[in-house]
Amino acid sequence: MYMYSPSSTSKKPNTTMSRHALRVFNNLNFLTLSLSQTRQTHAQILRTGLFLHTHFTTKLISLYANHLRFVEAQNLLKSIQYPDVFSFSTLIHAYSKLSYFTEAILTFTHMISFKLLPDSRLIPSVVKCCSGLHSLRFGKQVHGFCVSSGLCLDSFVQSSLVHLYVKCGKLYYAHQVFDEMSELDVVSCSALVSGYARDGCVEEAKMVFRRMVELGIEPNLVSWNGMVAGFSQSGRCLEAVMVFRDMCLSGCKADGTTVSSVLPAVGVLEDCFVGVQIHGYAIKQGLGSDKCVVSALIDMYGKCSSTMEMSRVFDEMPERDVGACNALVSGFTRNGLTDDALKAFNMLRSQDLELNVVSWTSIIACCSQHGKDIEALDLFREMQLSGVKPNSVTIPCLLPACGNIAALMHGKAAHGFSLRTGISDNVYVGSALIDMYANCGRIHSARNIFERMPVRNVVCWNAIMGGYAMHGNGNEVIEIFHLMEKSDQKPDFITFTSLLSACSHSGFTEQGEQFFNKMSKDYGITPRIEHYACLVTLLGRAGKLNEAFNTVKNMPFEPDACVWGALLSSCRVHNNLELAELAANKLFELEPNNPGNYVLLSNVYANKGLWKEVDRVRDLMKSMGMKKNPGCSWISIKNKVHMLLAGDTSHPQLVEILEKIDNLSTEMKKLGCLPVTSFVLQDVEDQEKEHILCGHSEKLAVVLGLLNTPQGSTLQVIKNLRICGDCHDFIKFVSKLEQREIFVRDTNRFHHFKDGLCSCGDYW
């Protein structure tokens, strides 16, 4: 664009023409000019020499800014030899209005370089930009200028400064400015009330609110909404509901923002009765079709476990949107209704609704958290095929599914994706990767991820400690804990759960007791029920059953099923019938429909040869319609996950598997390694017991791996129950005979078999 300047032409402007143009431009309505007309006007101004009039140039800047032609506006501003405050203000106001905050700040600094001082009309726009950028440092500089120039006495400037400090979370400074205001207005009061409410400062918020009323400032809808939303977001849910009630009693009608802000608080409180009342209020106010209100209602009913009402609200929606769909899937997930969540998700996909990353992440998390790990992996693949890009929340939701079934290749693919997209440095992605590699038996890879993390929080430390604890590496867990202490990272209750678990797996009884005491003494962490369960396991596994029982009796709260289960498991290991019966009877009261407790007691009776008692317990289970959970193992071969059940005859390679087991058993017997038939807790002949042992799922899975993988490759097996002693001996033998590394993860821990030895040291 041609810019006129004195040096660009030797001709002087035509004076008569300039006067005529001046009259024309003064009568011109600049507000109605199109972009084309703006450019024509610009050309006329250049041709007639009126560019020397800053008044017209400033109006042109405003016109270009209104048409979002900021490059032309900036060029025009730069062409003015002697710009004034209004020239810059015009552009800064336009930038601020359209939320181009960085550009506004740069233009403001450019103005200051001309030694032009802002006025009280410009400062609020500049402060608004500082608020939008959360730039406290620059905002303070502007505030300092206002103090030195006396502009801080202007009510609009003061109001903007209150908003700045509230937005930046500096409520002390906001209140200081607020107290200095000569004329309080509803806008400033509402901003400060909202800020205190968002910060969970109940009394301070109410104090400012009362001051408003005392000064005769009528709270408006924004004031009430700020209080309701602020308390709801800060977790002060009861206060949010009470403020909503007071608002209704005051005669102020709530809008969609109010209702959609209070409903999450009702959901957290799980008060369906109040939720139904607010639902009725929303319908009466004509808010029943408001998309935000409907989504909040679905979310509230889901949190209150009212899934039927939740579905009804969704079904009655006149026009469904993705927010409501996400709330529906989350509601089903929260209530453990995984199949319903999947059904709803697939239905929404079939209706060509454009699902977003939140929708896909929610359903992947749902499957990952509720045992549908293969479905989670399939959904992740479909998500990418549909063109939705996973983010730093999706990956941590997917990785547990990879770890749960030891799908290492899928986990590595997700790791690769996080590296390519630059999200691998996210602490939650990193923590999930540590957990995945640990669950897949690759504890060294997990440690490498941990060491390379640029930033670590307590979640990262807990992940690596939990991984080592699962592998029974007690010394490494203790070493990392000491590193954590040196790094000034404060441990939490999960940290001590990992420590106690590691000590239990490694037989570090005294050290475990020391850590239990250290938790409350040094860190002020009150032991929870899970810590007592770990302590009972720690003592029980070491054979200190009486001490374990005393711990249960002296707990500061009522023992739950985890604690009694820990005691019963220890009694099974050490064949303590008296304590086993006591623990089992407690468990029958707490978990009458859990077959595992009956099986454990039955096993204790079987070890004692009390077959009549075994039959009695099993008959009791039958009468209650319960069956023993079948042993189940998973192994990943060539990116396909195989599931094998104990005694299953449906696998296509079953004949080959059993033949290989028979050959390996023969080799074991030749070397003097006989089957440990005591682990068959049935009153049958030894030969029949050997046959039963051949059908254990972990044994089937290991042999399937031997048949279908190259010689020397590593095998990874997961089992849903504790590995039996005979299978443990069998896999130790196979690892040496076949020269294989074999990882087996049972419900307790990892077993790393190599060269005929196990990482557990036969202590599990």
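Modeller: Contact here means heavy atoms within 4.5 Å, and it should be kept in mind that this is a predicted model. With that cut-off, and not counting residues up to four places away in sequence, S368 touches D373, A376, C397, L398, P400, A401 and N404.

Colleague: Where is S368 found, and is S368 buried or exposed?

Modeller: S368 belongs to helix α21, which covers residues 357–369, and with a relative accessible area of 7% S368 is buried.

Colleague: How should I read a helix that has some buried residues, and which residues of α10 are buried?

Modeller: The general idea is that an α-helix has 3.6 residues a turn, so residues three or four places apart point the same way. In α10, which spans residues 171–180, the buried residues are L171, A174, H175, V177 and F178. Seen down the axis of α10, these buried residues fall within an arc of 160 degrees, so they line one face of the helix. The face turned away from that buried side carries the exposed residues Y172 and E180.

Colleague: What covers the buried residues of α10?

Modeller: The cover includes α8 (136–149) and α9 (155–167), together with α11 (186–198) and α12 (202–214).

Colleague: How is a nonpolar core to be read, and which residues have the most contacts inside the largest one?

Modeller: In soluble globular proteins, nonpolar side chains tend to be buried together. In this model the largest nonpolar core has 206 residues, and those with the most contacts inside it are I298 and I363. Apart from that core lies another, of 27 residues, among them C727, I731, I742 and C760. Returning to I298, and leaving aside its neighbours within four places in sequence, one finds I298 in contact with M310, V313, F314, M317, A324, A327 and L328.

Colleague: How many disulfides does the structure hold?

Modeller: The test is whether a pair of cysteine sulfur atoms lies within 2.5 Å, and the structure holds 0 disulfides. C248 is in no disulfide, the nearest cysteine sulfur being that of C252, 8.6 Å away, and C248 counts as partly exposed at 27% relative accessibility. For C367, the closest cysteine sulfur is in C366, at 5.1 Å, which is too far for a bond; C367 counts as buried, at 0% relative accessibility.

Colleague: Where does D84 lie, and what does its side chain reach?

Modeller: D84 sits in the loop between α4 (70–79) and α5 (85–97), and at 27% relative accessibility D84 counts as partly exposed. Its side chain reaches the backbone nitrogen of F86 at 3.2 Å, and also makes a polar contact of 2.8 Å with the side chain of S87.

Notes: Residues numbered from 1 in each chain as written. Predicted model: local features only at pLDDT ≥ 70, side-chain atom pairs only at ≥ 80, totals over all residues. Heavy atoms only, no water. Buried < 20%, exposed > 50% of the residue type's maximum accessible area, 1.4 Å probe, protein only. Helix = DSSP H or I, 4+ residues; strand = E, 2+ residues; numbered from the N terminus. Arc of directions from axis to C-beta. Core = buried A, V, L, I, M, F, W, Y, C linked by side-chain atoms within 4.5 Å. Polar contact = N/O pair within 3.5 Å; in protein donor to acceptor, adjacent residues only side chain to side chain.
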